[in-house]
Amino acid sequence: MTLSRRGLLAVTGGAVAAGGAVASAPPALAHTPRGRRPTRTGFERLATGGYAQLSGDRVGIVTNPTGVTRDARHIVDVMHLDERVDLTAVFGPEHGFRGTAQAGGSEGRHDDPATGLPVYDTYRLTGEALAEVFRTSGVDTVVFDIQDVGARFYTYIWTLYDCMVAAQLAGRRVVVLDRPNPVTGRAALGPSLRKEFATFVGREPIAQAHGMTVAELARLFNAEFLERPVELDTVLMSGWRRADFPDATGLPWVPPSPNMPTPDTALVYAGTCLFEGTNLSEGRGTTRPFELLGAEGLDGRWAAAANDLDLPGVHLREAYFTPTFGKFVNKTVGGVQLHVHDRAAFDPVRTGIGLLVTAKRTWDDFSWRLDRRPDGTATHWVDHLTGSSRVRTMIDAGADTDAVVGAWQGELSAFRTLRRRYLSYS
């Protein structure tokens with residue numbers, strides 16, 4: 001008997017249901033907390049419904065290693081085996097579809113070895129350039145399924161935004177499959193972006209920690225920010241509550257990027273990623289990125305000063321580490337490690353500001369990172385992360401944590417009001 005690639009994968013890698021359809025998830029939900037309905041992702045609900053929303057369409061999917069089923073199979077592998085859906089293309093974001101590239105990289109155009117599907121690189125493509133990729137691929141519908149981490153400067157939500165803009169230009173439909181926000185969807189936190197500071201780490205004025213899921217963001221983008229709305233469908237989750245952390249969902253955690261290894265990383269990221277905008281290490285090149293922060297010449301005075309702020313839900317421990325790549329590679333640096341002891345009380349953005357304030361006050365060599373634009377002018381990277389120059393200039397002027405946090409409360413209140421229109425879960 002001769003097996004096609006699809007047939008071979010079915011024999012070796014997936015359970016095939018009657019009629020040639022591939023079972024999308026096993027019935028056992030052993031890791032779901034007792035007394036809870038299981039959290040079912042948008043993909044799980046799509047597959048259980050027989051891919052009805054994709055019927056008759058040639059489908060392309062924007063995804064990465066986080067696009068997995070409950071039993072940790074990749075959804076591209078599952079869909080490729082299922083005759084109920086015509087999956088014809090994959091679109092890879094930053095870090096790539098299979099996740100082989102580091103920050104600032106992608107995998108390029110290639111054919112996926114496991115499925116033979118064409119993989120198109122979308123990283124840093126926008127507008128007509130990205131629309132032409134969709135046209136070239138021949139798809140009718142662009143599906144999006146990537147795990148976000150809840151911070152404005154995590155680029156996957158802007159990949160979604162760019163794909164929505166490009167799909168509208170190309171006359172394609174977008175279907176967003178929802179996944180949990182791993183830091184919960186309880187509240188938005190932090191400053192909003194000002195449009196003159198827009199980059200790929202923030203296209204539109206949303207809060208630094210947006211407190212939304214990708215499907216909710218898609219609806220907000222479409223109604224508030226796209227010049228012309230795209231034809232948009234969203235497949236929501238069931239069983240997810242806004243206060244849920246990942247351990248309440250029963251779903252597997254797959255690192256969304258190389259330096260986002262655990263849900264603990266995601267919990268602090270919306271605040272400590274601001275250290276990418278300084279000359280301190282943000283912990284890249286260690287086993288606890290964004291939980292470890294430091295620099296040569298820093299000592300226990302920083303941890304002591306930060307703990308004096310009595311930041312809610314977190315202890316700051318004096319720590320020493322040696323990054324294997326990134327800033328201070330192969331050098332022993334001093335700093336802090338964040339230990340979150342009360343997730344519900346912890347405020348990552350306030351914590352990040354408090355750590356910036358105390359780092360500048362306790363380390364004489366503190367400086368802000370400068371980036372060069374193509375035209376040769378310099379820009380402060382932290383301004384793009386925080387959404388304006390206000391945080392940097394206030395800290396430079398000697399403002400304390402309360403003053404900096406207080407300065408954005410008006411715009412945060414406005415975003416929270418806007419956000420409420422698009423929330424789909426209680």
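Modeller: First a definition: the radius of gyration is taken over C-alpha atoms, and the globule rule is 2.2 Å times the number of residues to the power 0.38. This is a predicted model, in which local features need pLDDT of at least 70 and side-chain atom pairs count only at pLDDT 80 or more, while totals for chains, interfaces and linings use all residues. Residues are numbered from 1 along each chain as its sequence is written, and side-chain values use heavy atoms, with hydrogens and water left out.

Biologist: How do you know whether the radius of gyration agrees with that of a compact globule?

Modeller: For 426 residues the rule gives a value near 22 Å, and the protein has 22 Å, so the two agree. The C-alpha trace spans about 70 × 50 × 45 Å along its principal axes.

Biologist: What makes something a helix or a strand here?

Modeller: Both are DSSP runs numbered from the N terminus: helices are H or I with at least four residues, strands are E with at least two. On that count the protein has 13 helices and 14 strands.

Biologist: What makes E3 and E9 edge strands?

Modeller: Two strands pair if DSSP finds at least two bridges between them. The open sheet has seven strands in the order E3-E4-E2-E1-E5-E6-E9, with mixed pairing. E3 (110-111) and E9 (232-235) each pair on one side only, which puts them at the edges.

Biologist: How do you know that E4 pairs with E3 and with E2?

Modeller: E3 and E4 share two bridges and run antiparallel, with Asp111 opposite Pro118. Their hairpin has six residues between the strands, and Gly116 there takes a positive phi near 80 degrees. On the E2 side, three bridges join residues 86-92 to E4 (residues 118-121), in parallel. Phe91 stands opposite Tyr120, and Gly92 has Asp121 as its bridge partner.

Biologist: And which strands does H4 lie across?

Modeller: H4 (residues 127-137) lies across E2, E4 and E5 (141-145), at about 155 degrees to E2. H5 (residues 156-170) packs on the sheet too, touching E1, E5, E6 and E9, and makes about 155 degrees with E6. Axes are lines fitted to C-alpha atoms, for helices over the stretch in contact, with angles from 0 to 180 degrees between N-to-C directions.

Biologist: Why is H4 called roughly perpendicular to H5?

Modeller: Angles under 35 degrees count as roughly parallel, over 145 as roughly antiparallel, 65 to 115 as roughly perpendicular and the rest as oblique. The axes of H4 and H5 come within 8 Å and cross at roughly 65 degrees, which makes H4 roughly perpendicular to H5.

Biologist: Why are H5 and H6 oblique, then?

Modeller: The axes of H5 and H6 (residues 214-225) come within 10 Å and cross at roughly 45 degrees, so the pair is oblique.

Biologist: What residues make up the contact of H5 with H6?

Modeller: Contact means heavy atoms within 4.5 Å. Ile157, Trp158, Leu160, Tyr161 and Met164 in H5 meet Val214, Leu217, Ala218, Phe221, Asn222 and Phe225 in H6. Ala, Val, Leu, Ile, Met, Phe, Trp, Tyr, Cys and Pro count as nonpolar, Asp, Glu, Lys and Arg as charged, and the others, Gly among them, as polar. That contact therefore divides into 10 nonpolar, one polar and no charged.
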